[in-house]
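Student: Could we go through this one together? I'd like to begin with the ligand and then move on to the charged pairs.

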Amino acid sequence: MLDKTAITSVPVSSLVSGRWSPRVYDSSHSFSKEELTAFIEAARWAPSSNNFQPWKFVVAPRGTEAHSKVIPTLTGFNQSWAPAASALVVVLASTTRPDGTAFDRGTAMFNAGLAASNVVLEAESRGFKSHYMGGFEKQQLLDEFGIKGFEPAIILAIGLPGDVSKASPELQTREAAQRERKSLSEIILGEF
Ligand SMILES: Cc1cc2nc3c(=O)[nH]c(=O)nc-3n(C[C@H](O)[C@H](O)[C@H](O)COP(=O)(O)O)c2cc1C
């Protein structure tokens, strides 16, 4: 497996430094029911505003009907690599509060993002890799599943990294690329 561990100025959790987003997955690997359940269990325990838990999930292991419905919604380059991942997880944000009034979209998406992050960290802790995807047709996905009252926030591709040497030249280049980040001084306002 490629090691793309982040180079940090001080040590941080290996769940953070070791996480990165592969685009080459092992298409022979499948998740157990327990593993898939653990991903959503982790999401369930994410914090949320007023503990509204304003989210729902579509779990789409490769080879299932749900998977075949999610794949066509992926746009651009995502179409070429994401189908090989062992599962796709769609994270949806509620557009209304429990009392039926409209939910501030930013808050709804923030909550959904925290749930998605819990899925990614649970997968990472179990030795799997994840890749966030915002590149998909949101309305098409809602129509495919007949979902109302929720807006898709993100799709996660989760699985085991595959053999990069067997990937297309374009994918090989992307996988080999250095991971880059702004410096701390660029993102910290003021001093501490
Ligand atoms: C909200 C969000 C949307 C993203 N959408 C896509 C996407 O559609 N396709 C893709 O290949 N990567 C996507 N990414 C992955 C980012 O490109 C990736 O996280 C970033 O380049 C940093 O790389 P790293 O995750 O390996 O550290 C997305 C990430 C986030 C957080």
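Student: Which backbone N or O atom lies 2.9 Å from an oxygen atom of the ligand?

Tutor: That atom belongs to glycine 135, and the pair is a polar contact, meaning N or O atoms within 3.5 Å; within protein, one must be able to donate a hydrogen and the other to accept it, and residues adjacent in sequence count only if both atoms are side-chain atoms. Bear in mind that this is a predicted model, in which local features need pLDDT of at least 70 and side-chain atom pairs pLDDT 80 or more, while totals for chains, interfaces and linings use all residues. Residues are numbered from 1 along each chain as its sequence is written, and side-chain values use heavy atoms, with hydrogens and water left out.

Student: And what do the side chains of arginine 19 and arginine 23 do there?

Tutor: An N or O atom in the side chain of arginine 19 is 3.0 Å from a ligand oxygen, and for arginine 23 the corresponding distance is 2.9 Å. The protein covers 60% of the 630 Å² of accessible area that the ligand has on its own, by the Shrake-Rupley method with a 1.4 Å probe, where for residues only the protein chains shown count as cover.

Student: Where does the largest share of the shell come from?

Tutor: Strand E3 gives three residues, the largest share, and helix H4 (78–81) also supplies at least two; helices (H or I, at least four residues) and strands (E, at least two) are DSSP runs, numbered from the N terminus.

Student: Switching topic, how many salt bridges are there?

Tutor: The count comes to eight, taking a salt bridge as a side-chain nitrogen of Lys or Arg within 4 Å of a carboxyl oxygen of Asp or Glu. One of them pairs arginine 44 with glutamate 41, their closest N and O atoms being 2.7 Å apart, and both residues lie in helix H2 (residues 33–44), three residues apart, about one turn of the helix.

Student: Which one has arginine 105 in it?

Tutor: Arginine 105 bridges to glutamate 151 at 2.6 Å between the closest N and O atoms, and this pair links distant parts of the chain, helix H5 (residues 105–125) and strand E4 (residues 150–159), 46 residues apart.

Student: Is arginine 105 buried or exposed?

Tutor: Arginine 105 counts as exposed because its relative accessibility is 52%, given that buried means under 20% relative accessible area, exposed over 50%, and partly exposed in between (1.4 Å probe, protein chains only).
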